Protein chains: 2
Amino acid sequence: MAATINDIAQKAGVSLATVSRVINHSPHVSEKSRKKVEQAVHELNYIPNAYARGLSKNQSDIIGVIVPEITNPFFSEIIKGISEIGDKNNLNVLFFNTDENANKEERALHILQEYRIRGLIITPVTGVNSYDQEYVRRFERLNIPIVLMDRSIKNSSLDGIYFDDRTAIFKITSLLIEKGHRNITAFIGNPQHVVSKNRVKGYRDAFEAHSLSFNPQHLIPGEFSIESSYQITKQLILNHQLPTAFLGTTNMLSMGCLKALYEYNIAIPNEIAFAGYDKLEMYDVFHLNLTLVEKDAQEMGRQAAKLLLEKLSGNKSSNKIILIPELYIRGSENYPTQNPNLRNFESD
Amino acid sequence: MAATINDIAQKAGVSLATVSRVINHSPHVSEKSRKKVEQAVHELNYIPNAYARGLSKNQSDIIGVIVPEITNPFFSEIIKGISEIGDKNNLNVLFFNTDENANKEERALHILQEYRIRGLIITPVTGVNSYDQEYVRRFERLNIPIVLMDRSIKNSSLDGIYFDDRTAIFKITSLLIEKGHRNITAFIGNPQHVVSKNRVKGYRDAFEAHSLSFNPQHLIPGEFSIESSYQITKQLILNHQLPTAFLGTTNMLSMGCLKALYEYNIAIPNEIAFAGYDKLEMYDVFHLNLTLVEKDAQEMGRQAAKLLLEKLSGNKSSNKIILIPELYIRGSENYPTQNPNLRNFESD
DNA sequence: ACAAAAAATGTAAACGTTTACAAAACAGAA
DNA sequence: TTCTGTTTTGTAAACGTTTACATTTTTTGT
């Protein structure tokens, strides 16, 4: 159906090779031939076949992008950043959403290998037991560069780009401590999960740096979901066990906590302090003036793609880029003037 | 470098064809051969080459997905839905973000044609002048099904999936009218844009259905952005020209309006009524109890993918799926008890 | 044990490019 | 005109699969 290079050659009265040269902008082709070929290409609506080209050149122009949850704004921003740089460099994105499911991830990786991808950008489904991600070695053996995003993999010396989660949480916890808070209840999701580790470290380090002992009970485990931190916060409210400050270490965890606080009309910072890691558009819309450590996800995407490009152009050295999220102090960290624990909440 | 089907054949002591049969789960191959081949595949880490396969079968397993703005939650939800169905049906997603830029769209389409995609799911950059989208005919000629999402194209009989925007706005405008509102100021973005047309129609129809004349001045044009409706709302506040009800016809426009209202602490619905089209997670988090017509974007993605699958399996009839968004009445539509226009706002 | 039928296997061409190499055309110098 | 060097063009093999067809092997029935 679709026209091939042969049809063009025939129509233009030249050989296959000449057509190929014109298409690939080879300098060594006469003006006359070029014109004839371009004319034929136009008339027959010729568009080269990526499969034939890929096979012939033994090279793909696809990069794989795998994220756990595209509906999380953090990741959709990242995708946008990657997409932007990919576009500019003629690399196309084959996209997969894993839903935090290791099987889906494995399937995605398999497909990407079929496509002999140039490189991979991935936020792995690093679960609890960080089980041996053997695909890493598989790709290494095939000389396909991998750029890890936001989650590292156990004892791997892979290229990757991360936010300095420890420092982020250290900064914000320190601020809270300095503002007088001692019970800083932090939602940390699954403490065995890579996402959690550095954050917990930052929290502990902050207490240590201020010569304070820290109470492990103030680190609240749970799932990395709105629902999880929502329910926990709700329980704390109903049990009159509110701290002076809440700390949300991911945007999902922050949202759940805020949801409960708003449900019971507990004012920030009048009745309770709140600080969080990562920003959301909605904070701005509602003028919440939350004190946050903010990360620029789109920039992370761009830099991840650029790092991959560097690997593709031969840079062998292993790179880890650490982005430092910035602390924005907006007032929500102030010590509360009232104690909501004294209020009478209806139990459901 | 990577093992080929030849290597497997040699190692297993069978022919190419047999290896191919095993890989493709053809029934006509002996248990003995199957075992040998599987063993060899495993030992050599063989993974078939998608380019060779695609060329040989003259068929791709890629679908193109083009959206204007992935960071808009509406679209990231859609992508998730498409991805889910694609995964289940062994179709892979080559993804493009156009940034509402027609050139980027054109480039994306070209690349997708190179990949001889099975089908296309697209929310086109239908700009103001809805200039002739010739790629539609190009794809039709090539027999590649297109599924349009959320934005139709002028006089095309393409398959597509849409929300019934007219009915959505009709419903919600009617509700506001019935609640006593007469000045319902609606943000409509660019009135020349496809996105706007049906919404405006719904608004007018609602007034007409209630035998009321409608005031075109209450339809506020602007860009489809937070900033646009934010600035406009702010001006109305400062000029003491607030209506009794605001209507946000897209989530961006709603956010901008809400942002201004929150900035000046104008309470909903005590001081002003608000209703919107499309929901956001944040509304729930903050218990805004907004009266909304809600669309399920993820479902739209799933159905778009399913529609495409149907076309791929030969259904020739042209399908337009219209999803009816549901109205949720939560109180924000009530007639205000105070008039914020009487308050004294500081001018900036 | 043999023929016939069924099942398994193998051979080779095809898919649409790129590219190494060979050949031809052209230009300039003698 | 002829030679040389340069530029342009063409030929054919290669990339790794699938698949139609031919061939071989196995099974079944007598």
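Student: Which helix gives the most to the surface near DNA strand C?

Tutor: In this predicted model, local features need pLDDT of at least 70 and side-chain atom pairs count only at pLDDT 80 or more, while totals for chains, interfaces and linings use all residues. Residues are numbered from 1 along each chain as its sequence is written, and chains are lettered from A and ligands numbered from 1 in the order in which they are written. Helices are DSSP runs of H or I with at least four residues, strands are DSSP runs of E with at least two, and both are numbered from the N terminus. On that basis α4(A) gives the most, with five residues.

Student: Which residues are closest to DNA strand C, and how many surround it?

Tutor: A residue is near a strand if its C-beta atom, placed from the backbone, lies within 6 Å of it. Here 27 residues surround DNA strand C, and the closest are I5(A), S20(A), A52(A), S56(A) and A17(B). At least two residues each come from α2 (16–23) and α4 (50–57) of chain A and from α2 (16–23), α3 (31–44) and α4 (50–57) of chain B.

Student: How does that surface near DNA strand C divide by class?

Tutor: Ala, Val, Leu, Ile, Met, Phe, Trp, Tyr, Cys and Pro count as nonpolar, Asp, Glu, Lys and Arg as charged, and the others, Gly among them, as polar. The surface near DNA strand C has twelve nonpolar, twelve polar and three charged residues.

Student: What domains make up chain A?

Tutor: Domain bounds come from an automatic or database domain assignment, which gives domain 1 (5–48), domain 2 (60–164 + 297–324) and domain 3 (165–295 + 328–342) in chain A. The C-alpha centres of domain 2 and domain 3 of chain A lie 30 Å apart. Taking two residues as in contact if their C-beta atoms, placed from the backbone, lie within 7 Å, the contact takes twelve residues from domain 2 of chain A and 13 residues from domain 3 of chain A. On the domain 2 side, the residues divide into seven nonpolar, three polar and two charged.

Student: In which sense do β9(A) and β10(A) pair?

Tutor: Two strands pair if DSSP finds at least two bridges between them. Strand β9 (residues 273–277) and strand β10 (residues 291–294) of chain A pair in the parallel sense over three bridges, with A275(A) opposite T291(A). By three further bridges, β10(A) is joined in the antiparallel sense to strand β12 (residues 326–328) of chain A, where V293(A) stands opposite L327(A).
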